[in-house]
Amino acid sequence: MTDGGERLLSVRNLVTTFDTPAGRVRAVDGVDLDIRSSEVVCLVGESGSGKSVLGLSLLGLIDPPGRVSSDTLRFDGRDLISLPESEMERLRGREIAMIFQEPLSALNPSRRVGDQIAEVLRVHSLASRAEAMDRAIEWLGQVGIEDAKARARSYPHQLSGGQRQRVTIAIACICNPKLIIADEPTTALDVTVQAQVLDLLMDMQVRLRSALLFITHDLGVVAEIADRVAVLYAGQVVEEAEVHDLYARPAHPYTIGLLASVPDVESPRRQGIPMSTIPGSVPNPLELDAGCRFRNRCGKAHDRCMQAPPMIDLQQGHRVRCWLHAG
Amino acid sequence: MTAAPSAHATRPRMGAGPKVAVVYLAIVALAAIFAGVLSPRDPLAINPSNILASPGVRNLLGTDELGRDLLARIIYGARVSLEVAVSAVVLACAIGIPLGIGVAFCGRRVEAFAMRIIDVFVSLPEIFVAIVILAFAGGGLTTLIVTIGLLFFPHFARVAYGMTRSIRAREHVLSAISLGAGTTWIVRKEILPNMVSVIAVQASFTLSFAMLMEAGLSFLGLGVPPPTPSWGQMIGGLKNYIFINAWPVVVPSIVLFATILSVNVLGDWLQDSLNPELQR
Amino acid sequence: MLAYLGHRLVAAALTLTLAFAVVFAAIHLLPGDPVTMLLGEQAGADPEVVQKMRVRLGLDRPLIEQFASSLTGIATGDLGKSLRTGEPVFTDVIVRLPRSLELIAGGLSIAVLLGIPLGIAAAKGRGRFSGTAASVIAIAGFSAPVFVSGVILVIVFSLWLNLLPSSGFVEFADDPLMHLACLVLPATAIGINFMGVVARMTRASLADTMTKEYVRLARAKGLSRQAAVLYHALPNALVPVITIIGIRAGSLLGGTVIVEALFDWPGLSSMLVSAVFARDYPVIQGSLVAIFAVFVLIGLAIDICQGLVDPRTRETAA
């Protein structure tokens, strides 16, 4: 739950573009984001919203022809924009860790899993080879893999999907990072396994007291784990609020639409809202114009929507990018 | 039901390499076709008083160990080399493609068995088989063409087999079959058109292999029989005189190298533009 | 691992037998009677002499019998006697085998030592000058026929620079330095061509592997881009390269035919070629057996390497 701690991560006007043969794509277009220590922030969006790109941009893992720029990018009091690459490498894995969506492709198929976990410690010179392996085995146990010592010598293809994802969680957690960025960590898993892995991740987060940026499209998960939620659409944050607020008083038509399309009969927050889907699809990133990007799918669009709506502050910590809430 | 074309990529702009390759190959082809007109002299005319001459005014590219004009022999050699290589590839296609398609339509066990045999053929180092066959079958251009064609038909059989199987499994083909489409119809309308691009690429690479094979065999004295000029044969003859004059042997060497290089560059470009999803 | 090894050995033996059968069939079913050629012009005159010779050589027996005896002969190390010299083929083969192996080993080493870095440079420098330059060198090597590069090498190193001999052979035991000197040019000629193959495959494989997610994860762990490519991408990228080397090993062997002719290197291939010109059946057969044995052994060695490098292969094959 919210610690009310200082701001761990502070992002202003993050822009990530890709130069493709068809033109320049603005995958992330002016995102502001704050994450406090030990806070769980969920980044919600459909595919094509830029949410995965956002995660990679924060870690500086966007390669040419992509380019990342921002007005502010501060982590733990340090300015990441001017940080030399060697310093950035020291941050990665140790203070900011990442969990990827598909564990089978995220793990090196020809190296044993114990080795891959131990590697994090060795890269940051935190342990000798033997020590690192011991701690890796320890962590395998902590993420719920039985017979850890034997399993450490397995190759990724010998483990189940759930076990592989536990391994990537171990890799992320072993250095006790201050921030974990999880990019749809349960999406690629079987439904039965998803809950277990999610529980594990939340367990870790609480124990290590790390902040968690959880990227997902699953609103059910968001309701369970989030402290705060940021809704991403076509590369922009369209709404941001504490989780109770978002579910009780959604402000942006897109958020309302998303919530209405979740078939969650039992959630008390949701009763009374009719089920529906949002017509249309995410706009082509090459054809974005100056106006509100959601207006073609919005039931309440009007003339003012031809202009880009500003971010408007509603009550405490609740912001929305929509003309409907302007004065 | 219309046949769906395979991935129709926009052809990437031709880089400098492929353009040069096309121009060069066009020159070679023209030389081959119009040899009689273009050649300054008779390629077979011996001139003992002017052997192993460097390129000069009298003989633009020099002369060989019997005084024959090298430019003339290169031009006629182009005709021979292209003739042999192209014929061999055509033969290989003519045998291999129907075979591959045919095998794909047989039962499972026949398929597996036949492909195994073909795989063994493909893995054998071809030049040895060629040497043995040529030694016993005697010389002559026809034998050469047949031998090289036989060596390379398994490549086309394998490609045709694989393509046939994958095309047959495509949804619109399966639905055509369920609606009663016969085998010949499927082959004509679906399989052949969709195979064209892959076969074309395979043909270009096989062409370069065939030229290499012919040149190698002629170099050893087992290929094109003298006095008919062939680049490989010329290199084989002139190599003994390097210490007297190196220029004559360099001339056909460069020409052969440039030709094979051009075919390969074009083959790569063809591969990239027709089958972009495949890795080179 | 042992099960995998056993599996590959059996497969190798089977392939060898099959290949031998094919060769045997080819030799005996083709036109051209060795006996008449051997006896020359006299043969045409006296059919009795021809028949006697035929019996002496065992060529009158049914093909199956000949095949069976050839096969058993190979198994026991008896490859027959040369029709020209009467010497046992086996001794000649044993003497020449290492020489051809030297060429192949030398050529392969050069190809790998030059080709892999070239491929890496081409993959990493994609779109830039270094990458294009590396690609051009690779395709040039790949396209140059072995005898063309051989000829160029001779011109440059023997004629102009006078550094290395253009032909000839000396036993290693007699003069190691000279032996190596004679080996350099022919091995390089074979190597350059294969280098192109290796470079192209490495480039394609690495370009593909570099984009994989686990390389990105490695960077997310804190590895530098160089380290991620070197320790994660490259080892996996090399797996298909080893496969390709195995598949194309035949071309190395094929290259020896040309090179041994060009540089007067007395190996197995030159033995085969001269035997072919003379229609010396036993020598043809014996050298082909040896050549194919080398070929299969190379394939076996490649399989072993692949088993060591990629754990998944071991399991699927065993």
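Predicted model: local features only at pLDDT ≥ 70, side-chain atom pairs only at ≥ 80, totals over all residues.
The sheet in chain A is open and has eight strands, in the order β7-β8-β9-β3-β10-β11-β13-β12, with mixed pairing. Its edge strands are β7 (96-99) and β12 (312-313) of chain A, each of which pairs on one side only. Two strands count as paired if DSSP finds at least two bridges between them. Strands (E, at least two residues) and helices (H or I, at least four residues) are DSSP runs, numbered from the N terminus.

Residues are numbered from 1 along each chain as its sequence is written, and chains are lettered from A and ligands numbered from 1 in the order in which they are written.

Let us turn to strand β3 of chain A, residues 40-44. Which strands pair with β3(A)? One is β9(A), residues 211-216, in the parallel sense over five bridges; there, C42(A) has F214(A) as its bridge partner. Another is β10(A), residues 228-233, again in the parallel sense, over four bridges, with L43(A) opposite A230(A).

Is β3(A) enclosed or open? Five of its five residues are buried, so β3(A) is largely enclosed by the rest of the structure. A residue is called buried if 20 or more other C-beta atoms lie within 10 Å of its own, exposed if 12 or fewer, and partly exposed in between, with C-beta atoms placed from the backbone. Both faces are covered: V40(A), C42(A) and V44(A) are buried on one side, and V41(A) and L43(A) on the other.

Moving along the sheet, β10(A) and β11(A) pair in the antiparallel sense over six bridges, and Y233(A) stands opposite Q236(A) in β11(A). The loop between these two strands, β10 and β11 (236-242), holds A234(A). A234(A) is not a glycine, yet its phi is positive, near 50 degrees. This residue counts as buried because it has 23 C-beta neighbours inside 10 Å.

S38(A) has a positive phi of about 60 degrees, although it is not a glycine, and it counts as buried because 21 C-beta neighbours lie inside 10 Å. In general, most residues other than glycine have a negative phi, and most peptide bonds are trans. The bond from P64(A) to P65(A), however, is cis, with omega near 15 degrees. P65(A) lies in the loop between α1 (51-58) and β4 (66-69) of chain A.

I now come to the contact between chains A and C. It takes 17 residues from chain C and 23 residues from chain A, where contact requires C-beta atoms, placed from the backbone, within 7 Å. On the side of chain C, α10 (213-221), α11 (225-263) and α14 (311-317) each supply at least two residues.

Finally, within chain C, helix α6 (residues 89-124) and helix α9 (residues 176-209) have axes that come within 5 Å and cross at roughly 35 degrees. Such axes are lines fitted to C-alpha atoms, for helices over the stretch in contact, and angles run from 0 to 180 degrees between N-to-C directions.

How values were computed: Contact = placed C-beta atoms within 7 Å.
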